[in-house]
Each structure stands twice: as structure tokens, then as C-alpha cells.
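Please read it alongside the sequence and the model.

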Amino acid sequence: MNTEQTVTTLKKIIFILNKHGIEYRILGSVAFAGMNGGLHRNIGDIDLIVDRSKKDELFEGLVKLGYKQAKGVFAFGRKYLALETLIHDRLLSVGYFVGTFEGNGNFKMGNHFVSVISEADSVKPTQYTLEGVPFIGIPPRAIAVRIMKSSNNPKRKKEVEFLDKNDIKPFASDGIHVRILGISFDFLYQGAMLFFNIFGVIRSKFGLPYDPWRSKIG
């Protein structure tokens with residue numbers, strides 16, 4: 001397992017975030033590793049959400065470390081989804097969504113016309129430690145939601161077992177809402193997640209990465 005690479009990358013990212021006082025939440029496999037107490041498989045990237053008011057400080061800090069913007073499909077995410085993806089020769093890739101942590105605890109991406117909102121409970125700041133590195137992630141039950149939504153992904157097997165063993169129940173929903181001109185379009189997000197999960201199952205049957213973008217980082 002690439003524990004050393006993961007911890008080294010995490011340390012550097014947390015240093016930048018803390019140095020500039022950037023509000024953030026670590027997501028994905030690193031958040032699970034913090035909850036689990038260590039890595040159970042290789043990790044390919046570090047995912048997080050960050051406050052848009054200091055996104056430039058984070059980007060500049062990562063560039064100084066030698067990170068470069070990923071190209072191809074990631075250019076679309078950069079332009080339309082408020083998602084930045086950066087790659088490095090030695091460190092893990094970094095992907096982060098940019099938005100606003102609102103007074104009610106919600107995390108909002110987008111603008112007055114189109115927005116994606118994560119409910120406060122799903123992004124409530126939760127302290128974790130991975131190999132001595134403290135960081136802020138999302139609650140265990142929110143992590144569980146994301147795991148169970150892609151439970152058919154072969155890499156989720158041990159994660160599902162961990163949730164069962166520790167009796168961690170996912171929230172009833174992922175708490176993500178899509179609004180277009182103030183009108184709910186949650187079905188767009190839910191439909192997209194369903195499509196990618198079905199597509200992922202098909203890909204894994206052919207020996208390809210469950211997530212189609214995994215093979216495109218670089």
C-alpha cells in the first residue's frame with residue numbers, strides 16, 4: 001500500500017490549507033482511511049471541498065509543490081463543475097470542488113442560476129487522524145452513504161465490511177440537491193450517479209477501472 005506517498009501528500013496539502021486558513025473537508029478514500037485508522041488499499045488521489053474565497057491560495061500553493069492541471073476530460077470539470085484536478089510526478093493527484101460554506105452549515109457550489117448544495121449534516125466538520133496527520137473530513141455516516149452508493153465497485157468490498165462490523169449506518173440520503181433557477185432538479189444528480197454506477201459495473205467486468213476517469217489522470 002502507498003501509505004508513505006499518501007501521508008506525505010496529505011501533510012503538504014494540510015499545511016497549505018492551515019497556513020492560509022482555508023475551510024475544507026477531506027472526502028473519499030482518505031476520509032475513510034482516517035475513520036478506519038489506516039489504509040487498506042492503494043490510494044490514487046485526495047479529494048476535498050474547499051471555500052472559494054481562498055481557492056487561489058490553495059492553487060498557488062499546490063503549483064509551488066510541482067502540481068500541474070490535469071488535461072482532457074478534467075478541463076470540462078474545471079470549466080463547468082467547479083472541480084479542479086491537479087497531478088504530480090511523485091505525489092498523489094488532488095481533486096477539489098470549490099464552493100461556499102454557508103452560515104447554516106450547507107456547502108454550496110455554483111451561482112444564482114445553477115447550484116449544487118450539500119446539506120449541513122453531510123459536511124459537518126469531523127476530526128480524523130491518519131498516521132499522525134490530523135485533518136477535517138465529513139461524518140462517518142456521510143462517508144457511508146458514498147460507499148454504499150458505489151458498493152458494486154470491487155474496491156468497496158472491505159469498506160462495506162468495515163461499515164457492517166462497526167455498525168455505521170449511512171444517512172438516508174447523500175444530502176445533495178441541484179437547483180436551476182431555484183427549482184429542484186435533484187433527479188439530474190441522482191440519475192447521473194446511477195448511470196456511472198451501472199457503467200462502472202460494466203467496465204469492471206472487462207477488467208477496466210470502475211471509475212472511467214481513473215485511467216485518464218496523467
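**Notes on the model**

1. The angle between α2 and α6 is about 40°, and their axes are 12 Å apart. Axes here are lines fitted to C-alpha atoms, for helices over the stretch in contact, and angles run from 0 to 180 degrees between N-to-C directions. Helices (H or I, at least four residues) and strands (E, at least two) are DSSP runs, numbered from the N terminus.

2. This is a predicted model, in which local features need pLDDT of at least 70 and side-chain atom pairs count only at pLDDT 80 or more, while totals for chains, interfaces and linings use all residues. Residues are numbered from 1 along each chain as its sequence is written, and side-chain values use heavy atoms, with hydrogens and water left out.

3. The crossing of α2 past α6 is left-handed; a crossing is left-handed if the near helix is turned anticlockwise from the far one by less than a right angle, and right-handed if clockwise. Phe32, Met35 and Asn36 of α2 make the contact with Glu159, Phe162 and Leu163 of α6. Contact means heavy atoms within 4.5 Å.

4. α2 is mostly covered, with seven of its nine residues buried. Buried means under 20% relative accessible area, exposed over 50%, and partly exposed in between (1.4 Å probe, protein chains only). The buried residues of α2 are Ser29, Val30, Ala31, Phe32, Ala33, Gly34 and Met35. Just after α2 comes Gly37, with a positive phi of about 95°.

5. Which residues of α6 are buried? In this helix, residues 157-165, they are Glu159, Val160, Phe162 and Leu163. These residues lie on the same side of α6, because they cover an arc of only 155° around the axis. The arc is that of the directions from the helix axis to the C-beta atoms. In general, an α-helix has 3.6 residues a turn, so residues three or four places apart point the same way.

6. The buried residues of α6 pack against α2 (28-36) and α5 (140-149). On the face of α6 turned away from its buried side are the exposed residues Lys157, Lys158, Asp164 and Lys165.

7. Asp167 follows α6 and sits in the loop between α6 and β10 (176-180). Its phi is positive, about 55°, although Asp167 is not a glycine. Most residues other than glycine have a negative phi. Asp167 is exposed, with a relative accessible area of 52%.

8. Leu181 also deserves a look. This residue is not a glycine, yet has a positive phi of about 55°. Leu181 is in the loop between β10 and β11 (183-184). With a relative accessible area of 60%, Leu181 is exposed.

9. The crossing of α1 past α3 is right-handed. Ile13, Ile16 and Leu17 of α1 make the contact, together with Glu57, Leu58, Gly61 and Leu62 of α3.

10. Val7 belongs to helix α1 and is buried, with a relative accessible area of 9%. Leaving aside neighbours within four places in sequence, Val7 is in contact with Glu131 and Val133. Val7 and Glu131 are 124 residues apart in sequence, while their C-alpha atoms are 7.0 Å apart in space.

11. Is Ser122 buried or exposed? Ser122 counts as buried because its relative accessibility is 3%. Its place is in the loop between β7 (114-118) and β8 (126-130). A polar atom of the Ser122 side chain lies 2.7 Å from the backbone oxygen of Glu119. Not counting residues up to four places away in sequence, Ser122 touches Ile138, Pro139, Ala142, Phe171, Asp174 and Gly175.

12. Asp47 lies in strand β2 (residues 45-51). Asp47 is partly exposed, with a relative accessible area of 25%. Residues up to four places away in sequence aside, Asp47 touches Arg25, Ile26, Leu27, Gly28 and Gly95.

Terms used. A polar contact is a pair of N or O atoms within 3.5 Å; within protein, one must be able to donate a hydrogen and the other to accept it, and residues adjacent in sequence count only if both atoms are side-chain atoms.
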